[in-house]
Amino acid sequence: MNESMKTIVEKGIAILTLNRPSHLNAMNGGLVAELKQSFEKLNEDTSVRVIILTGAGDRAFCVGADLKERRTMSDLEVAERIRAYKFTFGRIATVAKPVICAINGFAFGGGLEIALACDFRIACQSAYLGLTETQLGIMPAAGGTQRLSRLVGPTMAKELIFGAVKMSADEALKRGIVNRVVPDEELLSAAVEWAKALSKAAPLAIAQAKKAIDEGITLPLDEAIDLEAACYGALIPSADRIEGLEAFAEKRAPQWNGK
């Protein structure tokens, strides 16, 4: 694996960095493949409780596809790359751990689609975000139309996508697209503090709650409640559930082992 991605793991928190700052972290084939591999590896790493995804440099999280590379690709190659986006971003969305996207600058097109696949988004004050594909004669095709509409509703998603709107971080916060906005120099430290708070929860409980929310949102209410019950049921025989009860009774912090 080359240096298109960098990973640091410390005290249960993984910081994964898109590392093409000279290209504003635009996605070429290598970066897309490494991004998927990195999330698969981190999902299997039981020492990792929370993942932070960010970009190298101070200008951009990710500006989407590498358009210089795209100009050299055939129609078939472009279609294959879009499928790669689908599977890669889907892997981000389904990892059984909380994922925080720390948006450190521009997040346009596929860059915002990556962020939308994460559980949470924290942006620096100077960040700008948008699904801007219609300006290039295309449309979001890696989950952007679907994930954005679930966040802000279909009418607002149409306004933002049809108009290729570029939002400031504060506007994105008002629309519910990002969870938090912080000063530029505090972005990574704020993301780490958030990750530390999340890492205090039982990992199996987080995984099942995430499954219930993400899979239940598209189901009829009765089916979604049944799914919730099944996810809870999966936790009943877990050692972590017993540890939670014992820690409460003994008035101490629980020691989770993810089993």
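**Exercise 1.** Find the bridge partner of lysine 6 in β2, and describe how β1 and β2 pair.

Solution. In this predicted model, lysine 6 is bridged to threonine 17 of β2. Next, take the two strands as a whole: β1 covers residues 5-10 and β2 residues 13-18, and they run antiparallel with 6 bridges between them. Finally, look at the connection. With 2 residues between the strands, β1 and β2 make a hairpin, and lysine 11 in its turn has a positive phi of about 50°.

**Exercise 2.** Classify the crossing of α5 and α6 by angle and handedness, then list the residues that meet.

Solution. Start with the axes of α5 (residues 144-152) and α6 (residues 154-162), which come within 7 Å and cross at roughly 130°. The crossing is right-handed. On the α5 side the contact residues are Gly144, Thr145, Leu148, Ser149 and Val152; on the α6 side they are Pro154, Met156, Ala157, Leu160 and Ile161. Sorted by class, this contact holds 7 nonpolar and 3 polar residues, and no charged ones.

**Exercise 3.** Are asparagine 25 and alanine 164 buried or exposed, and in which loops do they lie?

Solution. Asparagine 25 is in the loop between β2 and α1 (29-44). Its phi is positive, about 60°, although asparagine 25 is not a glycine. Its relative accessibility is 0%, so asparagine 25 counts as buried. Alanine 164 is in the loop between α6 and β9 (167-168). Phi of alanine 164 is also positive, near 50°. Its relative accessible area is 6%, under the 20% cut-off, so alanine 164 is buried.

Methods
Residues numbered from 1 in each chain as written. Predicted model: local features only at pLDDT ≥ 70, side-chain atom pairs only at ≥ 80, totals over all residues. Heavy atoms only, no water. Pairing = 2+ DSSP bridges. Helix = DSSP H or I, 4+ residues; strand = E, 2+ residues; numbered from the N terminus. Axes fitted to C-alpha atoms, helices over the stretch in contact; angles between N-to-C directions. Parallel < 35°, antiparallel > 145°, perpendicular 65-115°, else oblique. Left-handed = near helix turned anticlockwise from the far one by under 90°. Contact = heavy atoms within 4.5 Å. Nonpolar A, V, L, I, M, F, W, Y, C, P; charged D, E, K, R; others polar. Buried < 20%, exposed > 50% of the residue type's maximum accessible area, 1.4 Å probe, protein only.
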